[in-house]
Amino acid sequence: MDGARAASRLRVVLGHLGCPSAGAVIAHPTSGAVPSASFHPQFQYTRDNNVLSLEQRKFYEENGFLVIKNLVSDADIERFRNEFERLCRQEVKPAGLMLMKDVTIAKSKYAPSEKVITKAQDFQEDEELFRYCTLPEILKYVECFTGPNIMAMHTMLINKPPDSGKKTSRHPLHQDLHYFPFRPSDSIVCAWTAMEHIDRNNGCLVVLPGTHKGTLKPHDYPKWEGGVNIMFHGIQDYDENNARVHLVMEKGDTVFFHPLLIHGSGQNRTQGFRKAISCHFASADCHYIDVKGTSQENIENEIVSLAEKLYGVKDGVSLKDVWRFRGRLVKGQRVNL
Ligand SMILES: O=C(O)CCC(=O)C(=O)O
């Protein structure tokens with residue numbers, strides 16, 4: 001699908017602004033989660049629904065992330081890999097999809113292929129890749145953090161390239177909440193699934209445990225000599241002494257993490273492209289906020305001008321509009337977002 005269709009969908013979405021109940025459609029039934037804090041008032045970041053063991057809940061509460069081994073099947077990962085290759089070759093063009101290249105080759109004229117594209121972002125209109133966001137095994141865990149009304153808000157397949165020597169394959173330390181104009185943060189969670197064995201050699205995720213208990217910090221482009229990829233904002237100021245954990249993961253392993261958790265990923269020192277698929281989910285009960293005058297204003301300006309360029313929509317588009325366009329209900333009712 002092309003930019004014109006994306007623009008027209010964005011216009012339809014914009015036309016519905018101010019009447020969020022238009023989206024209150026019932027999708028899948030919910031699994032009958034009970035309201036949070038009914039049994040365990042000491043828990044802030046997880047909800048009562050019998051999926052997580054007490055040990056897992058305590059781990060997430062304390063650290064802000066939780067790895068579930070072997071969650072997504074090899075067969076599904078193979079299908080996502082094949083679809084990514086089709087997208088890269090531009091055999092299909094879902095509305096809203098952004099195909100990114102590493103900054104070192106961003107201006108080159110290479111034919112699009114999986115050796116050139118480093119990220120496919122916003123695949124919410126690609127039914128095959130979007131299946132990831134609807135997998136029952138993923139949603140079962142997501143519900144522990146969001147509750148029963150679930151929106152898939154932000155989708156990515158990350159194809160971290162072999163580093164050219166300029167260290168641009170690194171992802172600076174950041175908090176995902178910087179990108180999101182919706183709250184509360186405790187009702188948002190990222191699911192990130194390794195599509196192959198991932199370790200420090202090919203650039204695994206690195207997390208700073210416990211940092212989800214802090215506040216949102218100012219972000220900006222790091223001053224890296226070799227260049228920085230578009231939208232790779234990083235935290236300028238964090239505690240260098242905070243412990244770091246490198247998440248070594250096998251194909252199908254999935255980490256769930258809080259949007260305030262400080263994390264990033266290292267260089268890919270191998271010759272292969274390191275693949276992971278991820279989605280940020282939020283409770284449909286979350287609400288949008290105005291980020292004007294906050295540390296998020298820089299990313300609002302950047303995302304909005306990119307969206308205007310991509311979809312040919314001018315004037316009056318806000319960060320909130322872009323997110324309304326991206327978000328899709330995957331479970332329960334579309335209450336707010
Ligand atoms: O997959 C990676 O290398 C890091 C992805 C990430 O942290 C992000 O896109 O927010």
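**Core and ligand shell**

Visitor: Which residues is Phe-281 in contact with, leaving aside neighbours within four places in sequence?

Guide: Phe-281 is in contact with Val-142, Thr-146, Ile-150, Met-151, Ala-152, Met-153, Val-189 and Ala-191, once neighbours within four places in sequence are left aside. Contact means that C-beta atoms, placed from the backbone, lie within 7 Å.

Visitor: What is this model, and how are residues numbered?

Guide: It is a predicted model: local features need pLDDT of at least 70, side-chain atom pairs count only at pLDDT 80 or more, and totals for chains, interfaces and linings use all residues. Residues are numbered from 1 along each chain as its sequence is written.

Visitor: Which residues touch the most other members of the largest nonpolar core?

Guide: Met-151, Val-255, Phe-256 and Phe-281 do, in a core of 72 residues. Strand E4 gives this core its largest share, seven residues. A nonpolar core is a set of buried Ala, Val, Leu, Ile, Met, Phe, Trp, Tyr and Cys residues joined through C-beta atoms within 7 Å. Buried means 20 or more other C-beta atoms within 10 Å of the residue's own, all placed from the backbone.

Visitor: New topic. What surrounds the ligand?

Guide: Met-156, Ile-158, Lys-160, His-171, Asp-176, Leu-205, His-263, Ser-265 and Ala-276. Each has its C-beta atom, placed from the backbone, within 6 Å of the ligand.

Visitor: Which strand gives the most to that shell?

Guide: E4, with three residues. E4 spans 150–160, and E13 (263–265) also supplies at least two. Strands are DSSP runs (E, at least two residues), numbered from the N terminus.

Visitor: How much of the chain is buried?

Guide: Buried residues make up 43% of its 337 residues.

Technical notes. Helices (H or I, at least four residues) and strands (E, at least two) are DSSP runs, numbered from the N terminus. A residue is buried if 20 or more other C-beta atoms lie within 10 Å of its own, exposed if 12 or fewer, and partly exposed in between; C-beta atoms are placed from the backbone. Two residues are in contact if their C-beta atoms, placed from the backbone, lie within 7 Å.
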